[in-house]
Every structure is written in C-alpha cells, then in structure tokens.
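Morning, everyone. I have one protein chain to walk through today. Please look at the screen.

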Amino acid sequence: MNQKFLDFMHEFAGCRIAVAVSGGVDSVTLLHWLHELGMDITALHVNHGLRPNAGIEAAYVRDVCSALHVPCHIFTWDGDKPPTGIEAAARAARYKLMTDFCVRAGIGYLFVAHQADDQIETFLLNLARGSGVRGLAGMRAVTMRDGIQIVRPLLDVPRNELVRYCDTHNIKYFHDEMNDDPRYARVRMRQHRHVLRDMLGVSDDRILLAMRNLRRVADSADRAVDDAIASVMNDGVAQFSDSFLFDLGPDIRLQFIAALIMQIGGGDYPPRLKSLQGALRNLSSDCKFTLGRCVIRRLGTRIIIAREGARTSFRKKREHRHAKEEK
C-alpha cells in the first residue's frame, strides 16, 4: 500500500465514509485499500446507462463489495440524456446522486479515486488552454460539494501502482474504452506524455512538485477572495462599490468575480476567462448583463450581482454602510 496514501488517511481514522466505485482500476484499488485499513465504508456506484457494459459493471461492483462485506448502493441515472455535453451532465448527475445519499445517510465524506496521472493530465490540458494559477494547480485533495466533503486520497499515487496492485492480487477491474479513444484531448495527452520525460527531461515528479507549489499560491489567493466575498454578500446578493472591485489586484479581481458568479448562479464551474475579462470591461461603466445565470449591473459607483430572476435594485442602507467603510 502506498505510504503517501497511508499518511493522508491518518486524519480520517474513525470516520464514516462513502467511496465512489466505478469498477475501473483506480476506484477498485481505493475500495480495497480502504477495506484493508478497516475503514467504516459504504460503496456507491452510478449506472449511467450510457454503455453496453454498464449493467455488467454495476453487477461486478456489487459482487466485489459483497465479497468484502462492504455495504453497496447502486444508483441509476434515469430520464432523458442531453444531446450535447453528455460527459459533463453525467458527471453532475453522478455527484448529485451520491451526495444526496450521503446527506440522507449522515455521511460527511465521499472518497473518489482521482490519482496522480489525472492531476498531470489536468495540468497539461489546462496549460494548453492558457489557464491561470488555479487551473494549473490541479484538483484539491478535499473540496465541498452539496454539503459533503469530496476527498481525493490518491492524488500522489501513480496509475501504474494501482494497476500493479490489482494485477498482483488477481483483482478484476473494467477498462473504459473511451480511455483509448484519441478523439479526446485527455487521451491524446496521455498517449504522448512520455515525450516530456524522454525527450525534454520533465518527469512526472517535477510536474507534481510544480503543481503543489502552484496550489499554495492558489490557496493564498482563494483566502483573499473568500474574505472579499464575505464582506459583500447579503441574502444571496452581492453589492459593492467600483473602487472595492478595481482596487483588488488583477488576479484576485478575476477570481472574485468568478467565485461570486459561481456562488450566486449555482454553477459547478466558473465562466471562461474571456467571459470574465469581458465582464470586467463592462463594469468599468454603467451596464447590465447576464453571465453564469447571474444578472450583473452597475449604476454609478455601485455594482450588484444577483441570481437571474431576482431583484437587482440597490439598497440604500447597504450603500451607506459601504460609503462609511470607504471614507
């Protein structure tokens, strides 16, 4: 068992946890490692009904859990599937089904099996897109979703170690054919990543070290953003002055607007950088526009961000309070 995984798990000793098990090598290994540690675990599997083997994989996960004496719950993604963006919709449905179960069951932690190769591929994909610090810092080990802590204990464990564990112990796992389809950018990145190591000397360990350094910078910026958001939010609406916004550093300003739009609009991801930059340009003068299911409005020196359909009038009481703070 990986030592970094063991070190990570110390703080979760004695906790009730749920673990997402797809049937692939990453999640099957995570299930077995958690079981070996004697953790109080419940396995969750979502059958999206999108692939011919989906039912077979769900039955396999149930059988594995039964052999380990681990409680297992299988969920089915019912209803119509969107004609576009099916992967994002499936991911959102998967998390919703699992976090809803955790809330009902009183389980505060949902463990998922993203591992080191996923981190590196995310870094390279975001680098190709020209992402900033947050995108290049990769996934956090612990995040919140729907009131549940999403925990990723394998982020320092390479995929080949997980494969070796299963093969050594004769543990069956399923291979998703989509992981070999070069039409997907992530697959192409995976297939050619060796070029960085073999021809340029950029090892996986160096990339992960750079990501950890970037994560520290991103976390520091996030704390500043959280403080700024706390000072302007009231009843799901943000109000602040133009000086409050434009006195923030450029990077903090972008993250501040992105985080407000996600929080107020209820989205899982921030708007694209180009859209955020356009929003800031609009806010340099009086305007009213929508972005990320939010209405964003400036009138004079005041700026308001509210959920679409909500009132966007400026409250004098709050305006006076900010006026005093700015003197």
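I will start with the overall picture, then go to the cores, one tyrosine and the aromatic rings.

Two notes on the source. This is a predicted model: local features need pLDDT of at least 70, side-chain atom pairs count only at pLDDT 80 or more, and totals for chains, interfaces and linings use all residues. Residues are numbered from 1 along each chain as its sequence is written, and side-chain values use heavy atoms, with hydrogens and water left out.

The overall picture. The chain has 14 helices and 11 strands. These are DSSP runs numbered from the N terminus: helices are H or I with at least four residues, strands are E with at least two. The C-alpha atoms fill a box of roughly 70 × 50 × 40 Å along the principal axes. Of the 327 residues, 45% are buried. Buried means under 20% relative accessible area, exposed over 50%, partly exposed in between, with a 1.4 Å probe and protein chains only.

Now the cores. A nonpolar core is a set of buried Ala, Val, Leu, Ile, Met, Phe, Trp, Tyr and Cys residues joined through side-chain atoms within 4.5 Å. The largest has 34 residues, and Leu31, Leu34 and Phe111 have the most contacts inside it. Helix H2 (25-36) is among the elements that give two or more residues to this core. H2 gives the most, with 6 residues. What does Leu31 touch, beyond residues up to four places away in sequence? Its partners include Val19, Ile41, Val64 and Leu68. Contact here means heavy atoms within 4.5 Å. Apart from this core lies another, of 30 residues, among them Leu245, Ala258, Cys287 and Ile296.

Next, Tyr165. Tyr165 lies in helix H7. At 11% relative accessibility, Tyr165 counts as buried. Leaving out residues up to four places away in sequence, Tyr165 touches Thr29, His32, Trp33, Glu36 and Ile171.

Last, the rings. How many aromatic pairs does a search of the whole structure find? The search finds 10. Rings of Phe, Tyr and Trp (its six-membered ring) pair if their centres lie within 6.5 Å; planes under 30 degrees apart are stacked, over 60 edge-to-face, the rest tilted. Phe240 and Phe256 are edge-to-face, 5.3 Å centre to centre with 70° between the planes. Phe240 is in strand E8 and Phe256 in helix H12, so the pair ties together parts 16 residues apart in sequence. Phe240 is buried, at 0% relative accessible area. Phe256 is buried too, at 0%. Elsewhere, ring pairs link Phe8, Phe12, Tyr109 and Phe111 into a cluster.
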